[in-house]
Amino acid sequence: MKHYVLLGVVVVVLSACAKRPTAPVQGVGQVVTSSVMPLTSNGKFALGPHQGLLNTRQFYFRCNSTLLPKAAYAALDAHAQYLKADPSARIELQGFTSAKGSHEYNITVGERRANSVKDFMALHGARVEQLTTVSYGEEQAYPLSERKDAQDCRVDLIYTAA
Amino acid sequence: MDPVVKPRDDLSRLSYRDLIAVSSEMLQWIPWSSHGMTWVETGVFAWNDAKLKEKKTMKKHIATLLLALTFLPCVSSAALNLELTRGTNAKIPVAVLPFAWHGTQKQPPLKLSDIIQHDLYLSGRFQLANAQGTTAKPLPNKVADINFADWRKQGLNSLVLGALQAQGDNQYQVRFSLVNLFKNKQQIAPQSSDNAGFNPQNNPVLASNVFTVKTAQLHDAAHRIANQVYQQLIGSPGFFTSKIAYVLVKKKTGQTRQYSLMVANFDGSDPQTVLSSSQPIMSPAWSPDRKTLAYVSFQTGVPAIYTFDLIHETRRLIASYAGINGAPAWSPDGKKLAIVLSKSSNAKIYQLDLSNGRLTQLTFGWASDTKPSWSPDGASLVFTSNRSGTPQIYQLNLASKQVTKLSLRGIYNVDPAFSPDGQSVVFIHQRATAYDVVIKNLNTKKMRYLTRGQMADSPSFSPNGGEVIYSVLINGQSRLALITLSGNVQELLPAKSGDRVEPAWS
């Protein structure tokens, strides 16, 4: 599976070469994934840039997959450019899963999701030391009875310094 | 009064095959001291009355217990009782008579016989008769009052009877006897010093004792009596004083939660909070001496592995590398922890030597490996890995480094745990939308369902290997459940609000 992620990433990197911006993106404000919610400037997403694509901080995966969805590419590229332009900026990538399945195995699923975002951003110009990951697995997931699984299969991007 | 029971090795008059296997060595009587309790399993007892007790008052514990007891099955029918009938093992027919109560209060502080009866029931090894339905009235509470023939007619083979006497100052005297109804009543050991002609092998009293306990120890005393009964009739140690650890997750306002590391009796009674956090707590694991818990805490925002000494209430940081620090598992000798770290790649299993801190990587490759569980001989580990593309169960031979795939069916097999005898492994197997507990015999290679169509998680064996505890989703709530390996008894543990997950049985 990881090979596919890398393959996907390489394809994106190549296709992105010609039009890669050199400064933090002043985004056009399009919604990157269908389930992205507008973020207020409070809570764990408060720190960091919020213009346009940079306001996208949650990246949703298919629940049986750790493969980075294409819908996340544009915003993650924007964040990578921001990190490249501001070497002091730091982000933490938090991996989450739905409550389905094993607590222990889901920790590894959340980590693979966070790592697929990390790998993408590293390939897009962020320095590895700017990126940390943590997996919460299903520990903060909605109860299965609420049928909000899709909202739990995600990676949150948190600026810890900006 | 000294115990009147002597070691015995003649059970030939009992026709149950479970009884025939009893060896005299297993039945070695261990006298309890007259003033207190000289328990066999010192490790458990040692911290039971240690400082672990929370600030909560004892009254509250009793109240909780009584509340819990009101929901306990009366053996034949109860709301929480999921008794199945596919068990094939012959059960030993026993009745536990209500203990006589001598005190100023109208009711005893605790119905000891209910707890003993419930313990025996949960083991799946006994057919418990409803004492109320018998003809013998009033119920005997002394061996001398028992009409052996009458009780035998009920199809019973043994009786447990006893008495509870208030002595003031929150102190009680407890006495009990386990009587073999197939022996001759006239052969009861003489109380006088004149032992002439007494043959202990013919003594119908298989076990008996008198001891004094405080209110807070009453319900522990009931579990210990159940242990004695189990030991005498089954021939291996009872597990009714064993403890479980688990994580209690309570939803607070909005999406914030409170995570608590809990320790309780195996039947879920007397839950104690070891520690609480607004950040996730995971993966409790008992040290082999049952004095220490290893666990994972996210309290600093990232996961770290700690151990918590339940006797001295001291915490020790074990691992806090970048990435995952998870799924600790004690080696059988208690000297090492198998842990999961992702510091250099994906999740990998490492061995940490607790004496010198030396870390050795045990699994390799690009895949995620997690949830190690040691074989009882310490020679191998089972674990979950997605090296074949989906999570499956593997066994690592620590000497040869050879890895063998154990799960052969399905696309989702997780959370393996070795049985105490090393012969089998339980794990969670997904089929369609269900996640069930299955057991795989490592000799016959056969896999068998313990549960059917449940949403099960995190199975863990009882100390004697006869039962499995796991968490299960019931009406949107994660509950703890027990199931015997024969599948003949299955029960949900009492639970109020909150989710109970990742149980570990000491």
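**Figure 1. B:S283 in strand β10 of chain B**. In this predicted model, B:S283 is part of strand β10 of chain B. The phi angle of B:S283 is positive, about 55°, although the residue is not a glycine.

**Figure 2. B:R290 in the loop between β10 and β11 of chain B**. The loop that holds B:R290 lies between β10 and β11 (292-297) of chain B. B:R290 has a positive phi, near 65°, and is a residue other than glycine. Is B:R290 buried or exposed? B:R290 is buried, with 20 other C-beta atoms within 10 Å; the cut-off for a buried residue is 20 or more.

**Figure 3. The contact between chain A and chain B**. Chain B contributes 28 residues to the contact, and chain A contributes 18 residues. Six strands of chain B, namely β10 (281-286), β14 (325-330), β18 (369-374), β22 (413-418), β26 and β30 (499-505), each supply at least two residues of the side that touches chain A. On this side of chain B, 14 residues are nonpolar, ten are polar and four are charged.

**Figure 4. The open sheet β26-β27-β28-β29 of chain B**. Four strands make up this open sheet, in the order β26-β27-β28-β29, with antiparallel pairing. Strands β26 (456-461) and β29 (490-492) of chain B stand at the edges; each has a single partner strand, so one side of each is left without a neighbour in the sheet. On average, neighbouring strands of the sheet are turned by 25° against each other, direction ignored. Strands of a sheet pair through backbone hydrogen bonds, either parallel or antiparallel.

**Figure 5. The pairing of strands β28 and β29 of chain B**. Strand β28 (residues 477-484) of chain B runs antiparallel to β29(B), and three bridges join the two strands. Which residue of β29(B) is the bridge partner of B:L482? The partner in β29(B) is B:E491.

**Figure 6. Helix α6 of chain B**. Helix α6 (residues 218-234) of chain B has 17 residues, which at 1.5 Å a residue should span 24 Å. B:G235 follows α6(B) and has a positive phi, near 95°.

Key. Residues numbered from 1 in each chain as written. Chains lettered and ligands numbered in written order. Predicted model: local features only at pLDDT ≥ 70, side-chain atom pairs only at ≥ 80, totals over all residues. Pairing = 2+ DSSP bridges. Axes fitted to C-alpha atoms, helices over the stretch in contact; angles between N-to-C directions. Expected span 1.5 Å × (residues − 1). Contact = placed C-beta atoms within 7 Å. Nonpolar A, V, L, I, M, F, W, Y, C, P; charged D, E, K, R; others polar. Buried ≥ 20, exposed ≤ 12 C-beta atoms within 10 Å, placed from the backbone.
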